[in-house]
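Visitor: Could you walk me through this model? I would like to start with how its chains meet.

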Amino acid sequence: MNNTSQKPLKINFLTQNPNEEVYYLLRKDFITNAPWIITLVLCLIVPIVFLPFGEDILFWPTLTSSGQITLLIFWYLCCFGFGLVRIAKWYYHVFLITDSRVLDVDLVGFLYRNVAEAQLQHLQDVTHTQGGLLQLIFNFGNVYVQTAATRQDIELLSVPEPGIIHDIITDLAAIAHKNQPVPTVNDRNTQP
Amino acid sequence: MIEIPNLNQLIENLSLGSLAVILEKWGVIAFSVLLLIFSVLILKQMTLLDQFLPTPGGKLLKRVALAFTIAIILLLLASIFLT
């Protein structure tokens, strides 16, 4: 799972227009998963720590042996489900930069999906912020894409290398404003 | 008068211990059903997301979600028939 992949030729999405090319697929920096991974590890070791003292736990001795095993299986299934949901939320919270628009696919609470997009021609202002200890150490931050006043703004939160992303979006927006054909990534790389 | 077979015996045998076992079994079944609903919703959302943005990682996550659902179905069946 690459956090940032340049020019992912094999990536397509459902609402992709004909001849539309995906330039960048961005996700939140993987380090943003640290809090839930630590929580998950703590949840996994809770039974290992507390089972030797099972006699002292209020309800544990009242359960039958099969009930105790079932409860343990349930505990680990719940932990697995929690981890699955959190990794899927990270994996599918993507920002797509194509040659004509910017898309923000967001999962809120996993069962609610929010897809926001802005045409590069309608972009008015792009800013990025990077602050705090973790963001400085791991080089990630937020990029805010502002569109016309009545339109929804797009926030690329906790993306790696926000300065470069900022530069890419402003360059693409400038080209779109001029209605020029957008250069490929290879062309960008060969420019001085 | 209609006689219900073994009803008197059932009432005589009914104690707090046996009630706890019955409650434990139905508690496990109820929790399994809730977990199953949750896993099916996850699987459905994964399928929709994989349709929106098909990637190898997304397909892997969908398979894992399917395995999670199957595991819960097996647990539900085990809790119904084996306890």
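Visitor: How much area do chain B and chain A bury between them?
Guide: In this predicted model, chain B and chain A bury about 2700 Å², with 81% of it on carbon and sulfur atoms; buried area is the accessible area (1.4 Å probe) that two parts lose on being put together, summed over both. On the side of chain B, B:Leu49, B:Phe52 and B:Leu53 lose the most area to chain A, together 26% of what that side buries.

Visitor: And how many salt bridges are there between chain B and chain A?
Guide: The count is 0, where a salt bridge needs a side-chain nitrogen of Lys or Arg within 4 Å of a carboxyl oxygen of Asp or Glu.

Visitor: Changing topic, at what angle do helices H1 and H2 of chain A pack?
Guide: Helix H1 (residues 34–50) and helix H2 (residues 65–92) of chain A pack at about 175°, their axes being 10 Å apart; helices are DSSP runs (H or I, at least four residues) numbered from the N terminus, and axes are lines fitted to C-alpha atoms over the stretch in contact, with angles from 0 to 180 degrees between N-to-C directions. H1(A) is therefore roughly antiparallel to H2(A), a term for angles over 145 degrees.

Visitor: Which residues of H1(A) meet H2(A)?
Guide: Among them are A:Trp36, A:Leu40 and A:Cys43 in H1(A), and the residues they and their neighbours meet in H2(A) include A:Leu72, A:Trp75 and A:Tyr76, contact meaning heavy atoms within 4.5 Å.

Visitor: How are the numbers set up?
Guide: Residues are numbered from 1 along each chain as its sequence is written, and chains are lettered from A in the order in which they are written. Local features need pLDDT of at least 70, side-chain atom pairs count only at pLDDT 80 or more, and totals for chains, interfaces and linings use all residues, while side-chain values use heavy atoms, leaving out hydrogens and water.

Note on methods
Helices (H or I, at least four residues) and strands (E, at least two) are DSSP runs, numbered from the N terminus. Angles under 35 degrees count as roughly parallel, over 145 as roughly antiparallel, 65 to 115 as roughly perpendicular and the rest as oblique.
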